[in-house]
Amino acid sequence: LLRLVDVDVPQPVRLDDVDAAFDRAAALRLVAGGLVELMDGDHGQNVSLTRRGRFLAGGVAAELMALE
């Protein structure tokens with residue numbers, strides 16, 4: 001998920017790579033808020049920041065992490 005907050009070039013993250021640490025309910029809330037996009041890619045579903053989400057990248061990444 002830290003690739004989302006790369007200052008130079010935020011990159012989409014494959015959900016299969018972060019499934020254990022990914023909060024899908026949070027992702028849906030962030031999609032509704034216009035901060036992230038969920039997209040189908042060649043190798044499964046990806047999450048990426050929107051232009052608006054880049055301004056809040058650290059908070060968005062923290063929200064996406066499923067911490068127990």
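Student: Which residues of α4 are buried in this one?
Tutor: The buried residues of α4 are Ala57, Val60, Ala61 and Leu64. Buried here means under 20% relative accessible area, with exposed over 50% and partly exposed in between, using a 1.4 Å probe and protein chains only. Helices (H or I, at least four residues) and strands (E, at least two) are DSSP runs, numbered from the N terminus. Keep in mind that this is a predicted model: local features need pLDDT of at least 70, side-chain atom pairs count only at pLDDT 80 or more, and totals for chains, interfaces and linings use all residues. Residues are numbered from 1 along each chain as its sequence is written, and side-chain values use heavy atoms, leaving out hydrogens and water.

Student: Back to those four in α4: where do they sit around the axis?
Tutor: The buried residues of α4 are Ala57, Val60, Ala61 and Leu64. They cover an arc of only 95° around the axis, which puts them on the same side of α4. The arc is taken from the directions from the helix axis to the C-beta atoms. In general, an α-helix has 3.6 residues a turn, so residues three or four places apart point the same way.

Student: Nice. What covers them?
Tutor: The cover includes α2, β2 (36-41), β3 (44-49) and α3 (51-54), where contact means heavy atoms within 4.5 Å.

Student: How do α2 and α4 cross?
Tutor: The axes of α2 (residues 24-32) and α4 (residues 57-64) come within 8 Å and cross at roughly 145°. Axes are lines fitted to C-alpha atoms, for helices over the stretch in contact, and angles run from 0 to 180 degrees between N-to-C directions.

Student: And which residues meet there?
Tutor: From α2 you have Ala26, Ala27, Arg29 and Leu30, meeting Val60, Glu63 and Leu64 of α4.

Student: Switching topic: where does Leu56 lie?
Tutor: Leu56 is in the loop between α3 and α4, and is partly exposed at 47% relative accessible area.
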